[in-house]
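Have the 3D view open as you read.

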Amino acid sequence: MPDFNPTQYAVPLFVIAVLIEMIWAKLRAPEAYEPKDTLISLSFGLGSTIAGALLGGFALAVFIEAYQYRLFDFGLQWWAVWWAWPVCFVLDDLAYYWVHRAGHRIRWMWAAHVNHHSSQHYNLSTALRQSWTGALTFGFLFAVPLVLLGFHPAMIAICSGFNLIYQFWIHTEAIKRMPRWFEAVMNTPSHHRVHHATNPRYLDRNYAGVFIVWDKLFGTFEPEVDDEAIRYGIVKQLGSFNLLWAVFHEWIGMLSDIWRAPLRHKLSYLLREPGWSHDGSRETSDMIRARWKSRMGQAHIGDEVAPATASVSTRNPIAAGSEPA
Amino acid sequence: MDIPPLLLQTAGSLAAILALAGLAWWLKLGGAPVLVGDSDIRRVAGEVEDGFEPLDWAVSQDHTAALARDAEGRIMLIRLHGNRFAGRILGTKAGAQAAGDTLTVGCGETWFGKTRLIIANPTPWAEAINRISEPCHA
């Protein structure tokens with residue numbers, strides 16, 4: 001069985017890439033980085049690695065147990081079945097799409113995933129801003145069907161590692177758009193900027209990991225428009241650089257809501273979408289978008305232009321020059 | 001002595017983190033945006049809550065914080081956070097104290113902290129904030 005963790009080998013590349021992007025920022029867009037934000041994002045990354053090492057064993061144990069009940073058997077030398085690798089990678093990316101979508105639509109899972117979104121910046125350090133508490137949300141269960149199909153847990157772990165590595169480079173404003181064919185199939189900086197945006201038109205869109213086709217297939221795709229500035233972060237920005245508050249704020253908020261809610265609504269605060277409230281005092285992303293659409297006028301809202309300010313490409317000349325897909 | 005791999009990896013990562021954050025500081029990345037004109041206030045208020053349209057506002061002397069009020073009488077506190085702006089529509093937990101030309105405003109959230117604004121005639125703002133009885137929206 002291969003003992004290989006691709007993300008371990010990628011860490012030095014991550015560091016070099018952040019370094020290069022910082023130099024780009026110095027020359028082209030100094031506002032793209034903020035030292036305290038960078039420190040927090042990278043600390044998230046370190047804490048996430050430690051949490052993964054401490055808590056990841058549970059997921060592995062579940063996978064190994066589930067593997068006993070697999071439908072198909074690739075044999076003892078499963079790693080030598082070459083075609084199983086790309087199939088596993090694609091299916092793992094499909095599982096990622098759904099776990100990611102659940103991470104935005106179920107508050108229990110959002111409590112962990114919000115960490116990745118709570119920076120008001122969008123740069124390569126944001127990519128490393130990973131949750132410490134992901135293991136508490138049981139998101140790994142979305143990959144169990146792959147195990148049951150017969151893909152070995154190690155194969156899934158390796159494919160997930162490459163998936164994570166792919167997602168690193170798309171966290172940048174330095175690239176406007178990739179070639180048209182690439183934008184059509186793959187997740188790109190442009191598509192993922194949309195995902196990190198809090199502009200109403202972009203909320204809860206583009207959940208893809210590697211292949212953007214999942215969003216197009218399941219109706220959650222939203223293209224980046226050139227004439228609307230993106231604002232990053234979360235609907236209610238943290239306004240704090242306290243690391244522990246950044247890690248646990250949504251858990252505290254959720255548990256506090258559950259504690260205070262009437263009995264029949266408690267479970268909804270755990271399982272419904274972020275922003276839901278039993279008394280209608282808050283707004284979900286769907287409500288925010290609906291209010292925005294209503295304000296902007298219903299007709300052909302997708303083609304309309306909201307507040308006209310400079311887009312990423314306009315602000316960053318290095319990124320200009322490509323056509324949208 | 002064998003050093004556990006996780007400890008070694010953690011120490012290396014920590015060193016890289018401090019080096020990169022230090023580099024960002026050394027390169028003077030970030031900058032310090034300010035709220036200068038009406039358009040800045042309108043834009044940032046709209047970012048804090050989509051659709052919030054300020055009717056009147058007061059910007060702190062250093063242009064890093066502001067209060068804005070909309071047609072519904074809601075009051076929004078805006079302040080610099082790093083090199084971005086963050087804000088809250090003030091609710092029942094908000095409070096304000098005026099002293100001279102200094103207005104100190106808290107939205108009631110410990111980690112959002114209190115914001116000090118230097119503005120002309122801060123007392124009416126303080127009174128308006130302390131009168132708020134609606135729940136916090138933002």
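Predicted model: local features only at pLDDT ≥ 70, side-chain atom pairs only at ≥ 80, totals over all residues.

A crossing of two helices counts as left-handed if the near helix is turned anticlockwise from the far one by less than a right angle, and as right-handed if it is turned clockwise. Keep that in mind for the helix pairs below.

**How confident is the predictor?**

For the complex, the predictor gives an ipTM of 0.90 and a pTM of 0.91. Chain A averages a pLDDT of 92, with 90% of the residues scoring at least 70. In residues 302–308 of chain A, though, the pLDDT is below 50, and that stretch has ten contacts in the model beyond near neighbours in sequence. Residues 313–325 of chain A also stay under 50 in pLDDT, and here the model has 30 contacts beyond four places in sequence. As for chain B, its average pLDDT is 92, and 95% of the residues score at least 70.

**The two domains of chain A**

Chain A splits into domain 1 (6–179) and domain 2 (243–319). Their C-alpha centres lie 23 Å apart. Where they touch, 20 residues come from domain 1 of chain A and 19 residues from domain 2 of chain A. On the domain 1 side, the elements giving two or more residues are helix 1 (6–28), helix 2 (35–67) and helix 4 of chain A. Which of these elements gives the largest share? That is helix 4 of chain A, with six residues. Sorted by class, the domain 1 side has eleven nonpolar, four polar and five charged residues.

**Helix pairs in chain A**

Two packed helices are described by the angle between their axes and the distance between the axes.

| Helix pair | Angle between axes | Distance between axes |
|---|---|---|
| Helix 4 (107–117) and helix 11 (243–260) of chain A | roughly 160° | within 7 Å |
| Helix 1 and helix 7 (153–168) of chain A | roughly 15° | within 9 Å |
| Helix 3 (84–105) and helix 7 of chain A | about 65° | 9 Å |

Start with helix 4 and helix 11 of chain A. Angles over 145 degrees count as roughly antiparallel, and with axes crossing at roughly 160°, these two helices are therefore roughly antiparallel to each other. Helix 4 of chain A passes helix 11 of chain A in a right-handed crossing. On the helix 4 side you can pick out Arg107(A), Trp110(A), Ala111(A), Val114(A) and Asn115(A), which meet Ala246(A), Val247(A), Glu250(A), Trp251(A) and Met254(A) of helix 11. That contact has seven nonpolar, one polar and two charged residues.

Next, helix 1 and helix 7 of chain A. Are they parallel or antiparallel? Angles under 35 degrees count as roughly parallel, and the axes cross at roughly 15°, so helix 1 of chain A and helix 7 of chain A are roughly parallel to each other. Helix 1 of chain A passes helix 7 of chain A in a right-handed crossing. Pro6(A), Thr7(A), Ala10(A) and Phe14(A) are the helix 1 residues in this contact, while helix 7 brings Ile158(A), Gly161(A), Phe162(A), Leu164(A), Ile165(A) and Phe168(A).

The crossing of helix 3 of chain A with helix 7 of chain A is right-handed. The contact has eight nonpolar, two polar and two charged residues.

The domain assignment for chain B gives domain 1 (1–30) and domain 2 (38–131). Taken over C-alpha atoms, the centres of these two domains of chain B are 37 Å apart.

Now for the contact between the chains: 29 residues of chain B touch 36 residues of chain A. On the chain B side, helix 1 (5–26), helix 2 (38–48) and strand 4 (84–89) each supply at least two residues. Helix 1 of chain B gives the most, with eleven residues. By class, the chain B side has 16 nonpolar, nine polar and four charged residues.

How values were computed
Residues numbered from 1 in each chain as written. Chains lettered and ligands numbered in written order. pLDDT = per-residue confidence, 0-100. Axes fitted to C-alpha atoms, helices over the stretch in contact; angles between N-to-C directions. Helix = DSSP H or I, 4+ residues; strand = E, 2+ residues; numbered from the N terminus. Parallel < 35°, antiparallel > 145°, perpendicular 65-115°, else oblique. Contact = placed C-beta atoms within 7 Å. Nonpolar A, V, L, I, M, F, W, Y, C, P; charged D, E, K, R; others polar. Domains from an automatic or database assignment.
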